[in-house]
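Morning, everyone. I will take the ligand site and then a few points about the backbone.

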Amino acid sequence: MAQILDGKEISKQIRDEVKSKIEALGEKPVLAIVLATKNESASTYVRIIQKAAEKVGIKANIIDLSENVGHDELMAAVKNLSEDTKTHGIIIQTPTPKDIDIDEARSLIPLEKDIDGANPLSAGKLFSNLESFAPATASAVIEILKYYQIETSGKHAVVVGRSRIVGKPVAHMLLDLNATVTICHSGTPDLTPYAQNADILVVAAGKANLINDKQVGPNTVVIDVGTNFNDQNELVGDVDFEPVEKAVKAITPVPGGVGPVTTAILLKNTLDAYLGQTQKPT
Ligand code: NDP
């Protein structure tokens, strides 16, 4: 049986720390979440962040533009928030409608308020090893490895997925931690030889059951970033958890792994933005 890497435990520790720091401040940092979609999972996720924020003393304002928002309205809303001195952190929840140029909107988030590392310039800074906010999910993966003291230096890390918000930043951060990194994607003909050779396997593809027990080994540490809904409408990851859990050294569950740590890091980053701090993520 594998060690279960419990994201809820890490999340609680981060949230408790954020809460006590905010209590000492006596003032509430403000997080603005722009919701420009009717997508049900996105609205649910936004309300989860709002609830978690309020529990630690962060005021979370949802800017609800889900009714027929166009590109210009979204740009105007983000510009307002960027200029509002009472707003410390900004997230634009995805997906956004097709006619919206999301990168243009993200580019309007000032780097010091870009608590989810969404502005392309934040990515540039991350890849240049300069202080910035990294995408929270990528930071969550690293936080889990550090919390459980999983060695990265000299290890082979395989990242499945190359998106700008998860795969690429995780790969870069692992590289910074001296791992030898392989990135797989939909053009990789067969994941098996890569996954089988991984000391650390980070899976962020958004495909249920992408990784099975024949593709992993007894020394593999698996971080499952994926979130999918199965036929019973249950939240599952990208890894076929039950058999894989019996075959590996350690694994994050879904739910209860990367997700709660991601939310906690968004809160920590909001506090850091309030304090005027960005960080080197690794
Ligand atoms: P994207 O769809 O943007 O990227 C998915 C990546 O996976 C792409 O690079 C794609 O390759 C690759 N991929 C897709 N299918 C395969 C395959 N069969 N074999 C190998 N690679 C494949 O997704 P995100 O990066 O935004 O998210 C990934 C997953 O993580 C999703 O399930 C998402 O819901 C989840 N997520 C979870 C979070 C959390 O807090 N737990 C937060 C953010 C995301 P290519 O580039 O070639 O298309």
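**Ligand site and backbone**

The ligand is surrounded by 20 residues, and the closest are Arg162, Ser163, Ser186, Gly206 and Thr227; a residue is near if one of its heavy atoms lies within 4 Å of the molecule. This is a predicted model, where local features need pLDDT of at least 70 and side-chain atom pairs pLDDT 80 or more, while totals for chains, interfaces and linings use all residues. Residues are numbered from 1 along each chain as its sequence is written, and side-chain values use heavy atoms, with hydrogens and water left out.

The shell divides into eight nonpolar, 10 polar and two charged residues. Here Ala, Val, Leu, Ile, Met, Phe, Trp, Tyr, Cys and Pro count as nonpolar, Asp, Glu, Lys and Arg as charged, and the others, Gly among them, as polar.

Which side chains place an N or O atom 2.5 Å from a ligand oxygen? Serine 163 does, and serine 186 does. Taken alone, the ligand exposes 930 Å², of which the protein buries 70% (Shrake-Rupley, 1.4 Å probe).

Now the backbone. Most residues other than glycine have a negative phi, and most peptide bonds are trans. The bond from threonine 94 to proline 95 is cis, with omega near 0°. Another cis peptide bond joins valine 254 and proline 255, with omega about 0°. Asparagine 129, a residue other than glycine, has a positive phi, near 60°.

Terms used: A polar contact is a pair of N or O atoms within 3.5 Å; within protein, one must be able to donate a hydrogen and the other to accept it, and residues adjacent in sequence count only if both atoms are side-chain atoms.
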